[in-house]
Number of protein chains: 2
Amino acid sequence: MRYCLAGVLAAALAAAVSPASADDLMKAAKEIFQPIPSLVPAVKDNAVTHEKVELGKLLFFDPRMSASEIISCNTCHNLGTGGVDAGPTSVGHGWQKGPRRAPTVYNAVFNVAQFWDGRAADLKAQAKGPVQATVEMNATPEHVVKTLTSMPDYVALFRKAFPGENEPVSFDNFAKAVEAFEATLITPASPFDQYLEGDANALSAEQKDGLKLFIDKGCSNCHSGVNVGGGGYFPFGVVEKPGADILPAGDKGRFNVSKTASDEYVFRAAPLRNVALRAPYFHSGQVWSLKQAVGVMGEAQLGARLTDKEEDAIVAFLGSLTGQLPQIDYPILPVRTDATPLPTLAK
Amino acid sequence: MRYCLAGVLAAALAAAVSPASADDLMKAAKEIFQPIPSLVPAVKDNAVTHEKVELGKLLFFDPRMSASEIISCNTCHNLGTGGVDAGPTSVGHGWQKGPRRAPTVYNAVFNVAQFWDGRAADLKAQAKGPVQATVEMNATPEHVVKTLTSMPDYVALFRKAFPGENEPVSFDNFAKAVEAFEATLITPASPFDQYLEGDANALSAEQKDGLKLFIDKGCSNCHSGVNVGGGGYFPFGVVEKPGADILPAGDKGRFNVSKTASDEYVFRAAPLRNVALRAPYFHSGQVWSLKQAVGVMGEAQLGARLTDKEEDAIVAFLGSLTGQLPQIDYPILPVRTDATPLPTLAK
């Protein structure tokens with residue numbers, strides 16, 4: 001188990017680590033959070049080479065990886081809108097609604113695991129999911145490999161990205177290339193990062209008030225680390241279960257992965273980097289206002305009814321988590337050939 | 001009427017302008033075609049300013065212009081795949097299938113009018129269509145204006161792009177900005193352009209054979225000018241109607257616009273720039289092989305059964321029409337606010 005309920009509650013009730021002065025606040029923040037590095041991080045079992053990143057970018061934007069050939073990774077993880085789609089949950093093959101809000105791909109490499117329930121250990125495991133999910137891209141590994149193999153430009157790029165391999169074009173390597181590209185989707189240099197690096201003026205007075213509240217009230221007990229969240233699993237509704245619109249009874253979260261009773265309604269703490277770009281909120285995507293989401297969290301997780309001013313301050317702090325998004329050239333994709341599988345729209 | 005059936009047939013049957021020597025071929029080509037200019041062309045009643053182009057790029061990629069907020073202009077006119085989608089026809093709101101193949105936005109500014117039936121005089125008129133079409137983006141001008149007005153970054157960009165106007169954020173100005181961006185989507189410097197500019201070595205021997213056939217057989221009677229097509233309206237099936245799969249009886253083309261009997265099954269000649277990037281072909285999108293499409297055209301329009309070698313040569317020539325696609329930074333879009341209309345998935 002990666003969470004400690006008693007700890008969460010203790011922090012919420014006792015506000016044990018209340019930073020008193022401005023220096024103390026920065027010191028406390030540095031103990032709880034880490035800045036986003038300015039360099040692309042290493043990824044387990046998958047060297048992030050330039051060739052893989054370039055290939056992965058094409059794959060990420062290529063709708064022909066889906067059965068309909070009109071849905072790409074970027075459709076639901078739109079890099080122009082914070083790495084997510086419009087919500088509340090995603091729309092996939094056949095206009096089917098997915099069960100949960102699309103998580104952002106930005107900084108996802110820093111999460112402990114992928115998906116709201118952490119069912120994928122890393123991004124290469126994650127990348128294989130939506131491609132095959134019938135309510136998302138509804139494709140098969142065979143469709144993906146056949147499509148890629150049909151285009152000589154893709155074959156050449158896989159050879160370059162996976163040199164010396166006998167079968168460079170494979171579903172595994174598709175996922176590795178996507179992971180390598182996604183590892184580059186990091187957003188450093190937010191005001192909060194600058195603050196963590198020692199610039200006391202990088203945050204406004206209100207943002208500092210918000211940061212202090214975020215620590216004092218106990219938010220940072222779950223939302224900590226590089227991604228201000230994304231590091232562990234916690235029950236949604238520690239103190240008070242939110243309404244069924246926000247926490248639908250049918251989605252038991254991590255329980256579906258672990259089959260452990262104590263994991264019912266447990267989710268990975270949402271990573272809060274760039275959260276201001278990514279309404280609507282929660283796995284159900286039912287709350288469109290960040291301020292309202294802060295209020296819900298206060299009541300559900302901390303048993304605290306935040307004042308209007310407190311909510312505003314926390315929202316201001318969360319705004320300081322918006323970093324510099326990488327500039328991405330929209331890729332010109334390899335050209336289909338007569339051997340490329342045709343799109344299938346049937347559900 | 002912009003077409004002359006007698007002329008088409010005469011050219012097909014008599015091959016009157018057969019260029020004999022290599023010099024003659026280039027001279028003949030220069031009389032029939034013009035190169036894509038390397039500079040963005042002027043647009044009627046809409047100065048193409050840097051501010052409009054930048055704004056138009058955001059709008060073109062912004063899915064929130066649709067009712068579902070997941071379909072953008074780029075969904076069906078994907079700049080990564082030749083300015084079109086996977087086909088055969090587009091999939092829009094509610095997974096509905098559109099009636100015709102998406103035309104490319106690349107070089108569309110050089111067409112005589114927009115849509116397969118020319119029902120929009122220019123790109124600013126065209127841009128208003130798909131946004132409102134219930135089978136495409138299913139939005140309203142009110143949705144678009146309310147969405148744009150809800151985001152301060154958009155309001156500022158409209159003010160800059162339309163200085164001095166009382167109501168810079170309007171559906172008309174949305175369309176003008178999109179048109180300005182689309183005017184930049186030109187693809188100069190193809191091998192054929194280099195040939196037209198005097199470089200005899202820019203085309204291979206087979207491509208020159210194809211060009212000669214393209215002129216001799218009469219293809220260039222309809223497919224001429226800057227866009228090697230897109231300049232006038234012609235009946236599909238001049239000599240022999242293609243099968244109902246390729247030319248569905250229910251779609252009478254320009255007749256629906258003009259209500260003139262002679263316009264039945266008349267369409268704007270397809271512009272052939274970058275045609276090799278844009279399978280499937282025809283307004284019905286039912287032919288996936290360019291070689292097969294050339295064969296269909298020979299029989300339907302010219303009454304000519306082309307040999308395998310002739311088809312290959314013409315396909316090789318058409319390959320020389322692939323130009324240099326502009327490099328486009330994928331835009332980071334303005335952030336939605338609590339005032340932004342919510343997505344609607346209902347049909």
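Across the interface of chain A and chain B in this predicted model, the rule finds zero salt bridges, a salt bridge being a side-chain nitrogen of Lys or Arg within 4 Å of a carboxyl oxygen of Asp or Glu. By class, the side of chain A that touches chain B has 23 nonpolar, 11 polar and seven charged residues. In this classification Ala, Val, Leu, Ile, Met, Phe, Trp, Tyr, Cys and Pro are nonpolar, Asp, Glu, Lys and Arg are charged, and the others, Gly among them, are polar.

Local features need pLDDT of at least 70 and side-chain atom pairs count only at pLDDT 80 or more, while totals for chains, interfaces and linings use all residues. Side-chain values use heavy atoms, without hydrogens and water, residues are numbered from 1 along each chain as its sequence is written, and chains are lettered from A and ligands numbered from 1 in the order in which they are written.

Within chain A, the domain assignment, which is automatic or from a database, gives domain 1 (24–33 + 188–320) and domain 2 (50–184). Taken over C-alpha atoms, the centres of the two domains of chain A are 27 Å apart.

The table sets out both interfaces. Contact means heavy atoms within 4.5 Å. Buried area is the accessible area (1.4 Å probe) that two parts lose on being put together, summed over both. A polar contact is a pair of N or O atoms within 3.5 Å; within protein, one must be able to donate a hydrogen and the other to accept it, and residues adjacent in sequence count only if both atoms are side-chain atoms.

| Interface | Residues in contact | Buried area | Share on carbon and sulfur | Residue pairs in polar contact (both at pLDDT 80 or more) |
|---|---|---|---|---|
| chain A and chain B | 41 residues from chain A, 41 residues from chain B | about 3,400 Å² | 69% | 12 residue pairs |
| domain 1 and domain 2 of chain A | 28 residues of domain 1, 24 residues of domain 2 | about 1,900 Å² | 53% | 11 residue pairs |

In domain 1 of chain A, the residues that lose the most area to domain 2 of chain A are A:R268, A:R278 and A:H283, together 30% of what that side buries.

The rule finds one salt bridge across this domain interface of chain A. A:D251 forms a salt bridge with A:R100, with 2.7 Å between the closest N and O atoms. The side of domain 1 of chain A that touches domain 2 of chain A has 11 nonpolar, 12 polar and five charged residues.
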